[in-house]
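Take a moment to look over the structure below before reading on. The paragraphs that follow go through it part by part.

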Amino acid sequence: MTDERGAAPSPQYPWSRGWEWINKGVEMFLAAPWIWIAMLILQMAIGIGISMIPTNGGPLGWTLDLVLQMVGFIVAILFDAGLLLGCHAMRRGESLHVGTLFSAFSHPAASSLIRLALIEVMAFIVVGTIATILVTMLLIGGSSATAVDADVLLQSFQGSFFSVMIILMFVITLMLLFAMAMWMASPLVLFRGYAPTRALAESFNANFRNVRALTVYGLGMVGLALLAALPFMLGFLIWLPLTTTTRYAAFVDLFAEPSAPTQTVRAL
């Protein structure tokens, strides 16, 4: 991990570069497919275990449930960072093993990653609140909230369908813009030592400059997701690790350092 420093703008790539990120990610997955799948299954098992911890009803139970959700989200962020560290190790020719999944928990950037996770949660809450307020104002209008029943809401929705679609498009646009900020934020915190806010800004700038390649990448990953869903959803055992390996390939391309080693991969 390097210290924060001034960096030149990320390169601007053509449309085809997005497909190259997918190809490089596939190559990295195929270098150790069973280890990637094993890490995914372990990650899912731990996440399910956290979500199944029983909580009592009432305010105390709701508070505990919220805490568990936050813990689950933070653990997921650290697991994601561990997978990125696994990609980085493979690129340097080092061995990949299942324990790599937990490597970010003791990483110097762990606290920054947790702060990044909290920022992301707050952003989702803000976007959700804005969407809820806009839709509520549109559907209820000047009516009293206590006087509104299901029939009134349905009539309001039918009469304001175009306005609802405009709000929906607005919210989707906000989510896409925030996704651009988040996509490279974790690796920038992890490998460049950026503060969370700077990582979000640099990620957005890089993705905005490469929106063409990002579009091809996104369409390609959506197509692969549709294929993964065909054989009883088992294809997601491959597709989900690809979301990490292809993201790392894009990160190396967008934020490559001059002294970066050659892309050599090997597994246990």
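This is a predicted model: local features need pLDDT of at least 70, side-chain atom pairs count only at pLDDT 80 or more; totals for chains, interfaces and linings use all residues.

A helix axis here is a line fitted to C-alpha atoms, taken over the stretch in contact, and an angle between two axes runs from 0 to 180 degrees between their N-to-C directions. The axes of helix 3 (residues 58-91) and helix 10 (residues 236-254) come within 10 Å and cross at roughly 60 degrees. On the helix 3 side, the contact is made by Asp80, Leu83, Leu84, Cys87, His88 and Arg91, and on the helix 10 side by Thr244, Thr245, Arg247, Tyr248 and Val252. The crossing of helix 3 and helix 10 is right-handed.

The side chains of Asp80 and Arg247 meet in one, with 2.4 Å from N to O. Asp80 belongs to helix 3 and Arg247 to helix 10, so this pair ties together parts of the chain that are 167 residues apart in sequence. Are these two residues buried or exposed? Both Asp80 and Arg247 are buried.

Now step back to the whole chain. Its secondary structure comes to ten helices and zero strands. Read from the N terminus, the elements run α-α-α-α-α-α-α-α-α-α. The chain has 268 residues, and 39% of them count as buried. How much of the contact in the chain comes from residues 24 or more positions apart? Among contacts with a separation of 6 or more, such residues account for 78%.

A search of the whole structure finds five of them. One of these joins Arg17 and Asp253, whose closest N and O atoms are 2.5 Å apart. This pair also links distant parts of the chain: Arg17 is in helix 1 (residues 17-30), Asp253 is in helix 10, and the two are 236 residues apart. Asp253 counts as buried because its relative accessible area is 10%, and the cut-off for buried is under 20%.

Another salt bridge is formed by the side chains of Glu94 and Arg92, at 3.4 Å from N to O. Why is Glu94 called partly exposed? Glu94 has 35% relative accessibility, so it counts as partly exposed. Arg92, at 44% relative accessibility, counts as partly exposed too. Salt bridges can also share partners: Arg17, Glu20 and Asp253 are joined in this way into one network.

Next comes helix 7 (residues 185-192). Helix 7 is mostly covered, with eight of its eight residues buried. They are Ala185, Ser186, Pro187, Leu188, Val189, Leu190, Phe191 and Arg192. Just after helix 7, Gly193 takes a positive phi of about 75 degrees.

Ala109 is in the loop between helix 3 and helix 4 (110-140). Ala109 is buried, because its relative accessible area is 3%.

Met52 is in the loop between helix 2 (33-51) and helix 3. Met52 is exposed, because its relative accessible area is 61%, and exposed means over 50%. The C-alpha atoms of Met52 and Leu68 are separated by 9.6 Å, and these residues are 16 residues apart along the chain.

The last stop is on the surface. Which residues form a nonpolar patch there? Met165, Leu168, Met169, Ile172 and Leu176 do, and together they have about 450 Å² of accessible area. One of them, Leu176, has its place in helix 6 (residues 161-183). Leu176 counts as exposed because its relative accessibility is 54%.

How values were computed: Residues are numbered from 1 along each chain as its sequence is written. Side-chain values use heavy atoms; hydrogens and water are left out. Patches are made of residues with over 30% relative accessible area and no salt bridge: like charges are joined within 9 Å, nonpolar side chains (Val, Leu, Ile, Met, Phe, Trp, Tyr) within 5 Å. Accessible areas come from the Shrake-Rupley method with a 1.4 Å probe; for residues, only the protein chains shown count as cover. A salt bridge is a side-chain nitrogen of Lys or Arg within 4 Å of a carboxyl oxygen of Asp or Glu. Helices (H or I, at least four residues) and strands (E, at least two) are DSSP runs, numbered from the N terminus. Buried means under 20% relative accessible area, exposed over 50%, partly exposed in between (1.4 Å probe, protein chains only). A crossing is left-handed if the near helix is turned anticlockwise from the far one by less than a right angle, and right-handed if clockwise. Contact means heavy atoms within 4.5 Å.
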